[in-house]
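Subject: Structure handover and findings

Dear colleague,

I am passing on the structure below, and I would be grateful if you could look through it alongside the notes that follow.

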Amino acid sequence: MRQVSAQPNGRLLLGAGAAGLLLFLVLQIFPELSRVIRDPDATRHIAETEAEAAAVRFAEDHFGGAFEPAGTVHQIQTLLYGYLSREDLAEDYDERYGEQYPVETWQVELHGGGDDVLFVHVHMDTGEIVAWNRLAEDGGHRMEFGAASLAARAFAIERGYPAQALHLRGLPEDGTIVFDSPDQRIGDAKLTLRIDVRQDVHGTVRVTSFKPAFEVPEAYADDVGRQDRISSILTFAGYMGLSFVLFVIAIVYAALLRRQTSFARGLMLSGIFLVFYQINNVNMFDGIRASLGETADAGSMAVFLTVVQVLYTLGVAVSVYFAFVGGDGLWRTMGYNRWMRRGEPGFGADVWRAVKIGYCAAFALLGLQAVIFLVMERGVGVWSSADVTQSTLNFRWAWLFPLLAWCAAISEEAMYRLFGVGLFRRWFRNTAAASVIPTVIWALGHVAYPLYPWSTRLIELTIIGLLFCWLFVRYGFAAALFAHAVFDLVLMATTLMFLGGADAILAGIFYIAHPIGIAWLIHWWDRRRPPKPVEPAPVAPAGEPGSAAPGSVAPGPAAPELGEQPGPA
């Protein structure tokens, strides 16, 4: 059986890693760091408890009665956020309108008596109330349009809006009064005031909803909606659908090749994936709640969606396990040991070598990613929006967020490299060609990220995914696993570190460095244990895939070793 990996060219890997790290720092980290230095308060916000106290004071003063906080989340106007990003207007907006009309707020959900639910948006820096929306059925009845518009105009003037700047729209379908204020605009987005006026049984008129916001151009909103629909179709049909097909095929090959592998393969890594991802599911609860917006039963719906995600993760963990078993069997029947087993001679040394390769490769790929984004931004105008489910402010334990890096590395390297490349290598008899299909499937799983055009991540991750395939084929599974984990750990840990505070910075440093400790411990422990005697591969029955002569490993079609043919990238 051919060995797991070729010996790396140390100088070449160190040079590529150093160059990539420099590019990543210059293009990604230093600009963000300079922004923090220029505005050290940019990452400092009032605490959630302070926002809740402000929201309760407002609710009791404005509506009367008693209110209790039921949940506070970080909310973002994603359409406006993306528009400002595309037009490069974010800094201008913050200077002109950020204090009065923040794009990001603390959204505090308050419960009063009965079914009284009130959402209050609190400025994250000043603690001022910037918007609210009451959902109570007994909040009063809607007034006639003329009287309601007069009351809404009076309220707006009282809050400092010039009467001549308030342009009333026609009668809306939901009864909300809408004023356009075209004098206040950013790019082609103009300020609108949405005001809901109700009158209670005692004749008291109250503003139950006040939503000032900049309305993005209709063409932009339509374009984003169209792209989101495309990315959703590609995610569900392309990524999830084809990944399920791979899962089923993995089960079949795990059964067919059971004599060439072991059903103990991947149990520990699959278990780590399952535990870490379930932690992440709980960690994302507030993000899921924020994605539901102003919904009366947001809490219970978030619980339901979290349970669904927990069950889905169980299914993914099973698919990862069978990818390990089937993938290991496929490569061994083709005469290659791409993933050494514990107890095999050189296992610990291979892991120690893999972590060194992994760091160099990860830094090189981070630099490449930064260059790809720069080229695409200049060439096709790439821009980003925001996703409240991925906001670190919506994580219950932000310091656990980088654990997700190991989940991605374990599951994706198992399914799309170890099994995916092995499967199509067996079918196509060509490793480069075999790398394309699983890489594209993997890349399709990232097109729903808030990065536009939707094809941006497909292109970027197809390139990077092919390089992960090259790492796997050339240096083995462990090297690809460490490279993927370090790649994601650096991105997630730096996000954590930019939250500020010594604890976040120390946690970020730990996450970036800890794979070295893991590899060293494995290497140290392996040297303390004598290797298991090498056993000949079992013989498959005649006609079964992978059948071979006694004491040998079925060679199958030869997979490329270092130098046999160019890698898939």
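What share of the 569 residues in the protein chain do buried residues make up? Before the answer, please keep in mind that this is a predicted model. Buried residues account for 50% of the chain, and the secondary structure comes to 15 helices and eleven strands. The chain exposes about 25900 Å², of which 61% is supplied by carbon and sulfur atoms. Taking contacts between residues at least 6 apart in sequence, 74% join residues that are at least 24 apart.

The helix pair I looked into is helix 10 with helix 14. Two packed helices are described by the angle between their axes and the distance between the axes. Helix 10, which covers residues 347-380, packs against helix 14, residues 477-497, at an angle of about 45°, and their axes are 7 Å apart. Since angles from 65 to 115 degrees count as roughly perpendicular and those under 35 degrees as roughly parallel, helix 10 and helix 14 are therefore oblique to each other. Their crossing is right-handed, and the contact between these two helices has, by class, 18 nonpolar, two polar and one charged residues.

The C-alpha atoms of Cys360 and Val486 are separated by 9.5 Å, although the two residues lie 126 apart along the chain. When neighbours within four places in sequence are left aside, Cys360 is in contact with Leu13, Leu14 and Gly17.

Some backbone details may also be of use to you. Most residues other than glycine have a negative phi, and most peptide bonds are trans. The peptide bond from Tyr452 to Pro453, however, is cis, with omega near -5°, and Pro453 has its place in the loop between strand 11 (451-452) and helix 13 (455-475). Asp88, which is not a glycine, has a positive phi of about 55°; this residue is found in the loop between helix 3 (78-86) and helix 4 (90-97), and Asp88 is exposed, with a relative accessible area of 69%. Arg429, also not a glycine, has a positive phi of about 60°, and its place is in the loop between helix 11 (403-428) and helix 12 (431-444). With a relative accessible area of 54%, Arg429 is exposed.

Key:
Residues are numbered from 1 along each chain as its sequence is written. This is a predicted model: local features need pLDDT of at least 70, side-chain atom pairs count only at pLDDT 80 or more; totals for chains, interfaces and linings use all residues. Side-chain values use heavy atoms; hydrogens and water are left out. Axes are lines fitted to C-alpha atoms, for helices over the stretch in contact, and angles run from 0 to 180 degrees between N-to-C directions. Helices (H or I, at least four residues) and strands (E, at least two) are DSSP runs, numbered from the N terminus. Angles under 35 degrees count as roughly parallel, over 145 as roughly antiparallel, 65 to 115 as roughly perpendicular and the rest as oblique. A crossing is left-handed if the near helix is turned anticlockwise from the far one by less than a right angle, and right-handed if clockwise. Ala, Val, Leu, Ile, Met, Phe, Trp, Tyr, Cys and Pro count as nonpolar, Asp, Glu, Lys and Arg as charged, and the others, Gly among them, as polar. Contact means heavy atoms within 4.5 Å. Buried means under 20% relative accessible area, exposed over 50%, partly exposed in between (1.4 Å probe, protein chains only). Accessible areas come from the Shrake-Rupley method with a 1.4 Å probe; for residues, only the protein chains shown count as cover.
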